[in-house]
Amino acid sequence: MSYPPAPRAVLDRIDLQIEEGEFVCVLGQTGCGKSTLLRLLLGSEHPVEGRVLIDGKVHQQPDCTRGYVPQKYSLFPDKTVLDNITFGPEVSQFRLWRRWTPAFRRRRRELRKQASEYLRRIGLSPADGAKYPDQLSGGMQQRVAIAQALMTEPRILLMDEAFSALDPGTRKEMQRLIRSLWRTTGTTVLFVTHNTHEAVRLATRIVVLARESSDRGSRIMMDLRVPDPCSEDQTLELVGRLEALSEVAPVPQAVPAS
């Protein structure tokens with residue numbers, strides 16, 4: 001798969017197969033094409049050469065098989081937490097003219113019950129469901145964004161630097177949360193980061209993107225499995241291997257998760 005928009009190629013000859021249920025971290029420096037790869041998998045952008053296949057089929061646009069959590073969570077400021085979480089399924093399942101029917105009202109009650117359960121699972125209280133985004137902390141908003149993505153029950157969850165804007169303590173909590181949700185749901189997760197410690201602590205597999213030369217797009221420079229569980233000695237050894245690649249910048253202030 002290649003993605004070479006003018007004037008410079010971003011990705012070049014990417015050959016990547018991901019098994020269902022894996023937790024894959026895509027690691028690399030800023031500008032190496034990590035987010036581009038995620039958008040190709042989401043279906044919001046398309047490769048110039050090659051194909052992105054899910055179960056052997058090409059998906060030309062985003063759909064409910066893939067949930068997406070961006071770096072800057074995009075909650076609707078005029079909707080409550082519960083309304084934000086249920087918005088996607090309501091829009092996808094009912095056209096505007098059908099939203100006044102008894103079937104819609106029944107389904108909406110079901111969705112709000114399901115959203116309340118997600119609130120509990122992500123560590124928020126029922127009272128938080130009635131709040132608006134500007135009444136929540138950054139960490140709470142990110143939890144809502146994750147619940148929003150999971151409400152469609154996607155087979156694949158794509159997360160783009162989802163924790164990078166959080167303070168260290170909140171980031172550690174969110175790492176634990178997403179790892180726990182992954183274990184519970186069995187969802188395939190692709191998590192973009194430039195933080196080597198975060199990648200090793202979260203992933204079952206790490207893919208490193210980097211450029212071999214300035215005139216070529218990034219390629220996969222390393223593809224390795226992470227032991228589960230991963231001991232502290234194994235963690236340090238893996239972090240050392242990753243940071244030994246000159247293309248990957250070390251992040252000494254990283255906060256590990258458990």
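**Notebook: loops, a helix pair and cysteines**

I looked up Glu 153 to begin with and found this residue exposed, at a relative accessible area of 56%, where exposed means over 50%, buried under 20% and partly exposed in between, with a 1.4 Å probe and protein chains only. I note that this is a predicted model, in which local features need pLDDT of at least 70 and side-chain atom pairs count only at pLDDT 80 or more, while totals for chains, interfaces and linings use all residues. Residues are numbered from 1 along each chain as its sequence is written, and side-chain values use heavy atoms, with hydrogens and water left out.

I then checked the backbone of Glu 153 and read a phi near 50°, a positive value in a residue other than glycine. Glu 153 lies in the loop between helix H4 (138-150) and strand E5 (156-160); helices (H or I, at least four residues) and strands (E, at least two) are DSSP runs, numbered from the N terminus.

Glu 161 also went on my list, with phi near 50°, a positive value in a residue other than glycine. I placed Glu 161 in the loop between E5 and helix H5 (168-185), and at 10% relative accessibility Glu 161 counts as buried.

For Pro 229 I found the peptide bond from Asp 228 to be cis, with omega near 5°, and I located Pro 229 in the loop between strand E8 (219-225) and helix H7 (232-244).

Next I turned to helix H2 (residues 81-93) and helix H3 (residues 102-121), which pack at an angle of about 135° with their axes 9 Å apart; axes are lines fitted to C-alpha atoms, for helices over the stretch in contact, and angles run from 0 to 180 degrees between N-to-C directions. That makes H2 oblique to H3, since angles under 35 degrees count as roughly parallel, over 145 as roughly antiparallel, 65 to 115 as roughly perpendicular and the rest as oblique. Among the residues making the contact (heavy atoms within 4.5 Å), I noted Ile 85 and Pro 89 of H2 and Leu 111 and Ala 115 of H3.

I also searched for disulfides, meaning pairs of cysteine sulfur atoms within 2.5 Å, and the structure holds zero. Cys 25 is buried with a relative accessible area of 0%, and Cys 32 is buried with 5%.

Finally, I recorded seven helices and eight strands in the protein, and of its 258 residues, 47% count as buried.
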